[in-house]
Amino acid sequence: MTPQLSLHEEVASALAAGDPVVALESTILSHGLPPGRNLDVARRLEKVVRDGGAVPATIAVLDGVPLIGLTGEQLERVCAPGADLDKLSLRDIGPAVGLGRSGATTVASTAALAAAAGIGMFATGGLGGVHQGAAQSWDVSADLGVLAKVPTTVVCSGVKSVLDIAATLEVLETNSVPVLGYRTGEFPAFYLRSSGFEVPWRVDDATQAASVIAAHRAHADSGVLLANPIPEASEMDKELHDRLLAEGLELLKSRGVHGKDVTPVLLEHFHTASEGVSLDANEALVLSNAELATEVAVALAGNAA
């Protein structure tokens with residue numbers, strides 16, 4: 001464990017005792033949800049994890065210190081209107097720490113910091129992936145490269161449909177990252193339960209998922225992707241989704257948006273143009289992922305006992 005990490009006392013105690021811990025990212029709070037609602041979701045996420053028998057570890061960098069688990073006051077700071085936090089991928093952690101900056105962690109940086117702290121389970125909304133036109137732009141999310149190198153299990157609702165999903169799955173395969181569909185044979189597409197692409201492996205309960213994850217960790221150093229479709233009742237209407245996506249893509253093109261700015265701009269368009277429908281969907285899927293991650297973390301802790 002690196003001394004550059006600051007672990008919340010509750011998280012440190014749980015890890016020392018071998019109790020289950022679930023990491024949670026902070027970018028979804030600072031950049032993905034509006035003020036007020038973000039704090040409510042942040043608290044609900046931590047409650048879901050606690051109610052399931054694990055300890056939540058929301059991760060962020062504040063004043064140059066990577067924090068593994070936040071106090072109530074720190075969580076409020078991350079979610080505060082006008083917090084103006086940087087969006088920190090793994091490449092940005094060093095500069096943020098060295099310059100004493102504050103920022104919210106993405107999937108890539110959260111997974112890496114969680115692994116450095118000894119946390120193997122991480123719940124989020126959606127994974128980053130290969131962007132359309134990446135053959136020319138080389139625009140590929142750092143999330144994929146990090147999963148190739150750290151033994152973190154990421155529970156998410158697939159990737160957003162704006163991405164090149166086929167290429168994303170190919171990169172995961174190349175990097176020996178198992179993709180497990182939770183009670184599905186199809187890879188989810190965030191707001192939609194299916195992207196139309198198959199997953200190579202299916203698990204039907206937390207015990208099966210824990211068994212696969214434990215076996216993978218015994219044979220490889222890469223992470224695992226556990227793809228959990230958005231709850232059926234919260235899935236976005238496909239016609240609405242496709243219209244918003246087409247509008248969002250045109251918006252990205254007209255503004256020349258690329259890289260890490262794509263997701264915030266696209267989410268903002270979905271949230272505004274759908275009159276809150278996408279916000280409800282986003283909230284439902286991330287809470288569902290936290291619940292599943294907790295179940296699997298508890299099962300893994302039981303196997304290790």
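This short talk covers the charged side chains of this structure, in salt bridges and in one surface patch.

First, the ground rules. This is a predicted model, where local features need pLDDT of at least 70, side-chain atom pairs count only at pLDDT 80 or more, and totals for chains, interfaces and linings use all residues. Residues are numbered from 1 along each chain as its sequence is written, and side-chain values use heavy atoms, leaving out hydrogens and water.

Let's start with salt bridges. By that I mean a side-chain nitrogen of Lys or Arg within 4 Å of a carboxyl oxygen of Asp or Glu. How many does a search of the whole structure find? Twelve.

Look at R37. Its side chain meets that of D280 in a salt bridge, at 2.6 Å from N to O. D280 lies in helix α13 (residues 277–304) and R37 in helix α3 (residues 37–51), so this pair ties together parts 243 residues apart in sequence. Helices here are DSSP runs of H or I, at least four residues; strands are runs of E, at least two; both are numbered from the N terminus.

R37 has another partner, E283. Their closest N and O atoms are 2.9 Å apart. Again, the pair links distant parts of the chain, with E283 in helix α13 and R37 in helix α3, 246 residues apart.

Buried or exposed? Buried means under 20% relative accessible area, exposed over 50%, and partly exposed in between, with a 1.4 Å probe and protein chains only. E283 is buried, at 11%. R37 is partly exposed, at 26%. D280 is partly exposed too, at 45%.

Now stay in helix α3. K47 and D51 both sit there, four residues apart, about one turn of the helix. They form a salt bridge, with the closest N and O atoms 2.7 Å apart. D51 counts as exposed, at 57% relative accessibility. As for shared partners, salt bridges join R37, R44, D280 and E283 into one network.

Last, the surface. Which residues form a negative surface patch? E232, E235, D237 and E239. Patch residues have over 30% relative accessible area and no salt bridge; like charges are joined within 9 Å, and nonpolar side chains (Val, Leu, Ile, Met, Phe, Trp, Tyr) within 5 Å. Asp and Glu count as negative. D237 is in the loop between β11 (224–227) and α11 (238–255). D237 is partly exposed, at 48% relative accessibility.

Conventions. Areas by Shrake-Rupley, 256 points an atom, 1.4 Å probe, with all protein chains shown as cover. Charge placed at Lys NZ, Arg CZ, Asp CG, Glu CD.
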